[in-house]
Each structure stands twice: as structure tokens, then as C-alpha cells.
Amino acid sequence: MSVLIDLLVSTAFLASAVRLAVPLILAGAGEVISERAGVLNIGLEGMMLMGAFTGVVGADLTGNPWIGALAAALGGIAVAAIHGYVVITWAGNQIVSGLALNLGSLGLTTYLSRQIWDTGQQQSVAHFTPVHIPGLSNIPFLGPVLFQQSPFFYFAVAVAIGLGVVLFRSRQGLAWRGSGEDPAALDSVGVSVAATRWKALLVCGALAGIGGGAISLAQLYTFIENMTGGRGYIALALVIVTRWNPMWAIGVALFFGATDAVAVRVQALDVAIPYQISLMLPFVLTLIVYGFAARRGRPPAALGRPWMKS
Amino acid sequence: MSRGRATGAMLLSNQGVVSVAVVALGVLLSVGLLAVTGADLGRALPQLAAGAVGSSAALEETLRQSIPIMLIGLGVAIGLRAGLFNIGGEGQLYVAALAAVVVAQALPLTVPLLAVPLIVMAGAAAGALWGGAAGWMRARLGMNEVITTILLNEIGFLLASYAVHGWLRDQAGGGYPWSHKIAVAFRLPVVRVGPLTIPLGVAIALAAALLIGILLERSHLGFRLRTLGDNPDAAAYSGSSVAGLTVLAMGLAGLLAGLAGVVELAGNQERLSDFFSPGYGFTAIAVALVGNARAGGVVIAALLFGALRAGASSMERIAQVPAATSLVAQAIIILLLVVARSDRLSGWIRRRRALAEALDTPEEAE
């Protein structure tokens, strides 16, 4: 038991919890924006996986991880654009479209990765290494945990806070919230609901793509089939726990990152917890936390409902 | 009360022609995608057709592939009619197959007449529990069944994976993480019809389709389920227990997926592995949508998708086109179907019809 406690307060564990939280912060904050604007995006997992894939392709082709990160954003945006075309342009069913995008992204990335790299073990590509923030990274305990992370972490925190400010303090944020609460009212004041929802969805796609890129370019340095492994589903549930506030995505994601980190650490420890059970932990905890949060928040009133100007 | 239950754009429409056209267009687009990415179409396409319907072995494979997606698809259809989205077929199938294997191995009985019902019940009960749990979480805790069934999929799969890597593992299994085969006496028999060897699972799936068809269209319970889907407030006013119906619909969907797991185990693979399902639970959603959530439609759609799966896997074996492309094909088909049944397209068609009728009406007023 004391071994476990030592582990949970070790800087290595907390640093890995923070690292594992990064994709969830990005995808979660993106999904908050999309859902606030009224677009349910079940395809989050697919967007992350596509981003993880295009990120590695970009970094592999150019040898530059920053171009890889850009490619990851574009990969997520591409999948989001299909979702937008189906559910905004055609006003189709949002759940089914998202589901199809998860299947399609899994199939396409698996197929293309085998076409590009054959099936053999792939080499590491150009990737991100931790950035030591001068001064801060030397603070005992907190330094290694918070200030020796990959650039994705600092970006994720800035984006989540920035989106919180935009959502609650700007005209754009007001339009997003209007589009998800009462699209007819938004339309009546002359703002295009479709354009508002498109913007939110593409932001979500870009962030989910970068979140996937954070897994492939800052954790594993390569692409592996289905490497997001359900992180997108956890991020989807996380949004409800944040009560649709992008800033809260940081805190909630850190909690889930920690459960993920426990899963990873437990395997390294010599305790008799099988691999599959530790992998299961984040999903079970997500279910439990979601169960407590489900009735506490109120989803945007027009979430999941297509809107058509009549 | 009704908030969150309405899934947005309507998904069901009884235009069978459109559904078939959508599937055909989806297959064409997927083939185009294969061509763009440099697959050898000259070899791949004939193999797709040959693997689906080209021989009696191919037809048998098509039938075998149709059974699980037909059974799970019927469950998805029940959910859709009741306004619920069961995405959990995959997890329900895995826990059911796991329960069935455990019971099959634990039973001291070798008399199939006694043992087989127990095995089937164990699987069906496990599936019903996994599905019903999502129904309960929706009814009592207000948790969206789309998200809970997705999470339960991951958990159910990992449970089965844990079992076959650990205590259920056949150590002489050639290094594969899978269980021992279930006893020969517990396996489903096959039926010979002319040159074809038809798995008994086909009969089970068709019988289930008949029963579900009667339940949904002809029974009072079916009426209440459909009312719940169309208008939950009306269902509550008319005295139905919304919570009870929700748990029942999801439990029934889980039971059917569980049955699919047992039939797949006893009639096809004979043992559990962590590659037991090549995405049956997800294909079943496409099946239910293409089949318009009607029992008859699900049967036809399951045969169609079964043929597609059989063709794709033979294409993979012979022409080295990865079966992952069949996931892409399914995604394209589902997306086209969503567009074909979208609010905008159906509204446009309605307006065109109204216009055409107005123009056809002879002007007698003058």
C-alpha cells in the first residue's frame, strides 16, 4: 500500500498524469465549444485518431514536428468538415454521422498507415521533447510536474482558458451560446446559425486533431493503429462533467490523466493487476464520474438538433 | 421530460429504394477510394463479388456473417423505435460470449439438452444485463445512453480480453490469446439444403426477426415502445412507465446482442478471443438504419452487409486489400444514408412534390 502512496505523490507520476491529460484538455475544450453551439460531435475519437495519423505523416515528410502539429490540426479539421457538411449543411442526424466518422477514421488511418509504412515496426518521427520553462522548471516538485512538459501542454492550457474567455466574454462566444440555446433567436438578430456552428465545429476539429497529435508526436513518436484507444470517448463524457465550461476541461482532464497514469504505472509495478484491468480503469471511472455529474448540469437546449432556416 | 430523448433529425423513412441506392452508391464510392489509393481493382473487385456470392462456400460465408449483425441489428432497431440509441452491441456481444464460455466450461453436464439452454441463457442474460445497465443509467441517473454504451463497449471488450489472456487461456493455443474450444456437444449443428451447408444460427436469427417484428408492430408492448419513441410525454400520460420501458428496450437490445454472441460462439468460432468480433456491433447499427428499424428491413440489410463483409474478407485474403477498407465503406454508406434522410433533403423533396402537384392540377377556376 505504501508503495502505491509513494507512487501517487512522486513527481514522475504527476508529470505523466499531466502529460496524459493534454489530449483530453484539447479535445474536451473543443467539444465544449461545439456542443455549446449545438453540434454534438461523437466523432471526437475519429478526429483525434486522424490528427494523430496526419501529424505523424507531416512530421515524417518534413522532419519538423511543428509542421506535424499543423498537419494534425488539419487532419482533425478535415473530419470535422465532413461532419459539418452532413449535420449543418444537410441537417442530418448528428449522432449517426459522428459514429460513422469514428468507424471511417479507424478504417482509413489503418489502411493508409499500412500503405505508407508497410506493416513493420515504424521508426520514430520528428517529435516534441519537453520544454523547460526557464526559472519555473527549477521549482522543487512543481517544476518537473508542470514546467517540463511538451509545448502541447502549455498550448492546451492557454487554449482552454482562452476559449473560456471567448465563450463567456465575447460576441463570438455569445453567438456560439445562442446557437446552442436558441438558434431561432440568434437568426432573428441577423447572425447566421450555420456559420456560427461551422466555426465552432472546425475549432473543435482542429483541437481534437492537435490532441491526437499530442499522443503521436509527444508521447509515442510514431503512429500505431487505433492509438487513441478510446480517449475521444472519455473526452466526450468529460464535457458533461465540466458543465460545458472549457476552463474546467483542464481540471477534469487532469483527473482522468491521473487515472490513465495509474494504469500505466501499475503495469510497471510488481503488483498482480493485469494489463486489461488497468486499461479498464479510466473507462470505469469515467462512467462513475459521469453518473454523479449527469443530472447536475444542463446541456445546451438545442444540442443535437439540426437547425434550418424556414 | 422529453429533453435529450429526441435525437434530432429523423432517421427512419420507409423508402426502401433509397436505402438500397445509398448502399450501392456507398460501395461505388469506396471502390473509387480504393482506386485512388492505388489498389489493384482488376483483382480486387472480382474477388469482392466472388467472395460474397460466387460459390456455395461464399454464400455460406455470407450467411455466417449475416447472423450476428442481424441479431444485434434487431436490438438496435428496437432501441431506435423507442427513441434510444444502442451503440453497445459490441460490448454486449463480448460479455455474452464470455459468460457462455465460462458456463460451458464449468458445467459438469455433457447432455446437450440440459447444457445448451443453460449456456444460451447465461449469454443472453449477460448481454441483457450489459444493455439493461445502460437503460437503467439513462432512466435513473439521466446518463445519455450513447455515451454509456460506448464506455460499456470498451469495458466489456477489456473484460473478455482479460479472460482470454488470463484464466480462460488455452495454453496450447499456438500462442494466440484465446479460450479452449467449447465441447463438441455444445456446438450448433448445421443444416444441409442441397449443395449448401447452412448454419442453424440463420434459423435462430430469422425466428428472432419474426418475433421482434410481431412484438414491435402487433403487440401492445410494441405500441408503447413506439409511443415512447415518437412522444415520450404521451407515453408517460398514457400510463406507461418511461423508466421501465427504457430499461426494457435496452435490456432486450442487449439480450439480442447476447444471443448473437452465443450463436457466433457455438455456431462459428467455437472459442472466445479478443478478436472475436470484427466490429459486428457497429455494422449492426448500419444494418438497423438501412433496414429502417423494421424487422423485415433488418433481415434484408443484414444479408446485404453480410455479403459485403464476406466479399471484403476474401478480397483481403486473395487480393491483399486490407479489410480495414470495409470500415471506410460502411462509414461512407452510413453518411450517405444520414444525408438521404436529412431534414433538408426530405424537406426539399416534399416541397418539390407539392410544387409538382400544384402544377399538375388543371386550372379550372378560370
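Two residues are in contact if their C-beta atoms, placed from the backbone, lie within 7 Å. The model is predicted: local features need pLDDT of at least 70, side-chain atom pairs count only at pLDDT 80 or more, and totals for chains, interfaces and linings use all residues. Residues are numbered from 1 along each chain as its sequence is written, and chains are lettered from A and ligands numbered from 1 in the order in which they are written.

**Exercise 1.** Determine what share of the contacts in chain B between residues at least 6 apart in sequence joins residues at least 24 apart.

*Solution.* Among these contacts, 79% join residues at least 24 apart.

**Exercise 2.** Compare the radius of gyration of chain B with that of a compact globule.

*Solution.* Step 1: the radius is taken over C-alpha atoms, and the globule rule is 2.2 Å times the number of residues to the power 0.38. Step 2: for 366 residues the rule gives near 21 Å. Step 3: chain B has 22 Å, which agrees.

**Exercise 3.** Describe the side of chain B that touches chain A.

*Solution.* Step 1: chain B and chain A each bring 44 residues to the contact. Step 2: helices of chain B that each supply at least two residues include α5 (112-141) and α14 (343-360). Step 3: the chain B residues divide into 28 nonpolar (Ala, Val, Leu, Ile, Met, Phe, Trp, Tyr, Cys and Pro), three charged (Asp, Glu, Lys and Arg) and 13 polar (the others, Gly among them).

Methods: Helix = DSSP H or I, 4+ residues; strand = E, 2+ residues; numbered from the N terminus.
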